[in-house]
Amino acid sequence: MDVLMLSDMPSHELLRQVKKFVPPMLDSFHKGQHGRVAVIGGSDEYSGAPFFSANASALLGADLSHVICEPQAAQVIKTYSPNLIVHPFLRQSNCGEPTTADQVAERMAGMLDRIHALVVGPGLGRDTLMQETAGKIIGEAKKRRLPIVVDADGLCLVQKDPFIVHGYTQAVLTPNIIEFGRLCRAQSIDTTGEDPSHMCYKLAKSLGGVTIIQKGPKDYISNGTQTIICDVQGGLKRSSGQGDTLSGTLATFLAWKIAYQARLWEHDNSLSDTELTILSAYGAAAITRTCSRLAFEKMKRSVQASDLSLEVPTAFDLLLG
C-alpha cells in the first residue's frame with residue numbers, strides 16, 4: 001500500500017480521501033454498524049460539554065451515542081435529548097459513597113467492548129476521583145485498541161502523565177492554544193518563535209506518534225510524521241462548545257474508520273490505519289469549521305454551541321455529501 005503524501009494535498013483532495021471511508025447508506029447495514037460512540041465526562045458543574053460532543057457525534061451519523069457521566073449531570077443531560085443514551089456511572093470525590101476509580105472503571109469495562117470510539121474529557125472537571133477514573137478508562141480502552149479522543153479536562157491527565165497516551169497511535173488530542181502550550185511545557189518543548197505547524201509536529205512526535213489537532217485560526221494536524229493544515233473557512237466568533245462539536249464529530253469519523261477496516265462495504269481498501277486517523281482529524285476539523293461559518297452567517301455575534309450543532313448535517317452535505 002503506497003503512503004499518501006497528505007501534507008501535499010489541497011483541501012478538496014483531502015476531503016476526497018475522507019469521503020472514501022464514510023459508510024454508504026445500504027439496507028444491508030444493521031443498527032450500530034455506522035458507529036457506536038461514548039463520551040466520558042459530565043460532572044455536577046458541567047453538563048453541556050458532554051451533551052454537545054455526543055450530540056454532534058449522533059448528528060454526523062453515529063448510530064448510537066452514549067454519555068457516561070456523574071449522576072447529577074445525567075439527570076440534566078437526559079432532559080436535553082432523548083436521542084442519547086446516558087449512563088450515571090462516574091463518581092466525584094464528594095459523592096458520599098466509598099467508591100474507588102478502579103471500581104468505577106471495572107463497572108464500565110464491559111461496555112467498552114461494544115464501543116467503536118471514545119471521547120474523554122468534555123465536562124469531566126478537575127475532581128481527583130473523576131480524573132483518576134478517566135485515566136483508568138483510557139487504560140481499558142487501550143487494551144481494546146479503541147480510538148480515543150482526548151479533549152478539555154482530559155488533557156490535564158496527559159499534561160500530568162504523558163505516558164497515559166505516549167506511543168498510542170489510536171489517540172487524538174484536541175488542545176486549544178492554551179492547552180497546547182501546557183502540553184508543550186510538560187514535554188519540555190520550547191515554543192518561542194516556532195512555526196505552528198512545526199510545533200504541532202514536535203509535540204506529536206514527542207508523544208510517540210499520537211495525532212494532535214492544534215485548534216486555532218487554522219487547525220494544525222500532525223502525527224509526528226505527516227502534518228496537514230485545515231484552513232477551511234470558519235466563523236468569526238469562537239463560541240464556547242465549538243471544541244465539543246469537534247470531539248464528537250471526530251469520534252464518529254474514527255468509528256467509521258473501524259467500519260472501513262472491517263470491510264463492511266466494497267471499497268478499494270487503499271487507506272492505512274495511520275492515514276485513516278489523520279484524515280479523521282481533518283474531516284472533523286473541516287466539518288466543525290464549516291458549522292462555525294454557517295452558524296455565524298445566521299447568528300453573527302450571538303452564535304452559541306447549540307447553533308453549531310444544528311449545522312452538522314448541512315456541513316456534511318456541503319463537504320462530503
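Student: Which residues does Lys215 touch, not counting residues up to four places away in sequence?

Tutor: Lys215 touches Asp151, Thr174, Pro175, Asn176, Ile177, Arg238, Gly243 and Leu246, where contact means heavy atoms within 4.5 Å. This is a predicted model, in which local features need pLDDT of at least 70 and side-chain atom pairs count only at pLDDT 80 or more, while totals for chains, interfaces and linings use all residues. Residues are numbered from 1 along each chain as its sequence is written, and side-chain values use heavy atoms, with hydrogens and water left out.

Student: What makes Lys215 count as buried?

Tutor: Its relative accessibility is 10%, and buried means under 20% relative accessible area (exposed is over 50%, partly exposed in between; 1.4 Å probe, protein chains only). Lys215 therefore counts as buried. Its place is in the loop between strand E7 (211-214) and strand E8 (219-222); strands (E, at least two residues) and helices (H or I, at least four) are DSSP runs, numbered from the N terminus.

Student: Why is Thr249 called buried, and where is Thr249 placed?

Tutor: Thr249 is called buried because its relative accessible area is 0%. Thr249 lies in helix H9 (residues 242-261). Not counting residues up to four places away in sequence, Thr249 touches Ala56, Ser57, Leu60, Ala284, Ile287, Thr288 and Val312.

Student: Why is helix H1 called roughly perpendicular to helix H10?

Tutor: The axes of H1 (residues 11-19) and H10 (residues 273-299) come within 9 Å and cross at roughly 115°. That makes H1 roughly perpendicular to H10, since angles of 65 to 115 degrees carry that name (under 35 is roughly parallel, over 145 roughly antiparallel, the rest oblique). Axes are lines fitted to C-alpha atoms, for helices over the stretch in contact, and angles run from 0 to 180 degrees between N-to-C directions.

Student: Which residues of H1 and H10 meet, and how do they divide by class?

Tutor: Ser11, Leu14, Leu15, Gln17 and Val18 in H1 meet Leu279, Tyr282, Gly283 and Ala286 in H10. The residues of this contact divide into six nonpolar, three polar and no charged. Ala, Val, Leu, Ile, Met, Phe, Trp, Tyr, Cys and Pro count as nonpolar, Asp, Glu, Lys and Arg as charged, and the others, Gly among them, as polar.

Student: What makes helix H7 oblique to helix H8?

Tutor: H7 (residues 177-186) and H8 (residues 196-206) pack at an angle of about 50°, with their axes 10 Å apart. The two helices are therefore oblique to each other. Phe180, Leu183 and Cys184 in H7 meet Met199, Cys200 and Leu203 in H8, and by class this contact has six nonpolar, no polar and no charged residues.

Student: Are Cys156 and Cys291 buried or exposed?

Tutor: Cys156 counts as buried at 9% relative accessibility, and Cys291 is buried with a relative accessible area of 0%.
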